[in-house]
Amino acid sequence: MPVTSEEFARAARLLHQRTGIVVGEHKKEMATRTLSMRARKLGVQTVAEYLGYLSQNPDGLEWEEFVNSFTINHTAFFREQHHFETLKTFVKTRKAPINIWCSAASTGEEPYSIAMTLLETLPNAASQCFIWATDIDTQAIARAERGVYTFDRVKTVPEPLLRKYFLRGKDEKNGLVRVKPVLQSMIKYEPLNLLSPRWPTDKKFDAIFCRNIMIYFDKETQTKILERFAPLMKPEGLLFAGHSENFTYLTNAFKLQGQTVYAVSR
Ligand SMILES: C[S@@+](CC[C@H](N)C(=O)[O-])C[C@H]1O[C@@H](n2cnc3c(N)ncnc32)[C@H](O)[C@@H]1O
């Protein structure tokens, strides 16, 4: 289906208002394919009709599909390894219970890496640590909760951890691994839009992971989210950002501690 510049701009505006994600002109080809596919699935004849349907049904189920098809879920186990070294040292200095929010959990590689790090560092991690893992993408969260990965996906997990925390699939599950229940028991998965006015938690966090998501947001959205994170942090709590994210000039709520790790200001 053809997509005009106006339709692309309208789709980008709808997505931005709902999720904070900015879709640049360079994504127009991908957006055209996605919008055409969604329009066909919804059973409408044109992308204009599709966008009209979204606008008129702000609570409609199609919104979930629209958002899911624009998210970029790229992630990996132990991505940006140095953060897990910092986490190890940091959690040794904290009092139980330790709460960590993984706020763009994608398909689960990041929260499971956090859980393994905690288990390897603290003797009672399974009972004393809690990880809240959220993402706007409902399909990604469902995959994260399942905890099933191909061998290729787990190649960045060190061999001893792979043996300790994963089960190998047999027969028709050959080539797949599944995380052990101990990892799942430490994590609560929930769909959550960081732009939603209420974040359903009454916890204070020792650390928040918000990695490789802010790059998709404009500066205003980034600042608002950072200023909402700050009151949820325990004193001296840490915020982990992605390798190309820089929050230094956005707000005084956090100060850079080193290598894309920020400490909450008090
Ligand atoms: C590139 S992935 C990063 C995953 C992981 N944090 C990492 O660094 O490997 C970005 C994730 O942000 C999620 N996301 C995008 N907009 C969001 C929003 N408004 N609220 C919550 N999650 C969002 C996407 O669904 C996607 O899974």
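Biologist: Which helices do the buried residues of H2 pack against?
Modeller: Happy to start there! In this predicted model, the buried residues of H2 are packed against helix H1 (5-19), helix H3 (47-56) and helix H4 (62-68). Those buried residues are Ala31, Leu35, Arg38 and Ala39.

Biologist: What makes you say that the buried residues of H2 line one face of the helix?
Modeller: Looking down the axis of H2, you find its buried residues within an arc of 100 degrees, so they line one face. In general, an α-helix has 3.6 residues a turn, so residues three or four places apart point the same way. On the face of H2 turned away from the buried side sit the exposed residues Glu29, Arg40 and Lys41.

Biologist: Why is Glu236 called partly exposed?
Modeller: Glu236 has 13 other C-beta atoms within 10 Å. A buried residue needs 20 or more and an exposed one has 12 or fewer, so a count in between is called partly exposed. Glu236 lies in strand E8 (residues 233-241), and its phi is positive, near 60 degrees, although it is a residue other than glycine.

Biologist: How do you know that the ligand lies between domain 1 and domain 2?
Modeller: Domain 1 (5-68) and domain 2 (81-264) both contribute residues to the shell around the ligand, so it lies between them. Of the 24 residues around the ligand, those that come nearest are Thr71, Thr75, Ser106, Asp137 and Asn212.

Methods. Residues are numbered from 1 along each chain as its sequence is written. This is a predicted model: local features need pLDDT of at least 70, side-chain atom pairs count only at pLDDT 80 or more; totals for chains, interfaces and linings use all residues. Helices (H or I, at least four residues) and strands (E, at least two) are DSSP runs, numbered from the N terminus. The arc is that of the directions from the helix axis to the C-beta atoms. Two residues are in contact if their C-beta atoms, placed from the backbone, lie within 7 Å. A residue is near a molecule or strand if its C-beta atom, placed from the backbone, lies within 6 Å of it. Domain bounds come from an automatic or database domain assignment.
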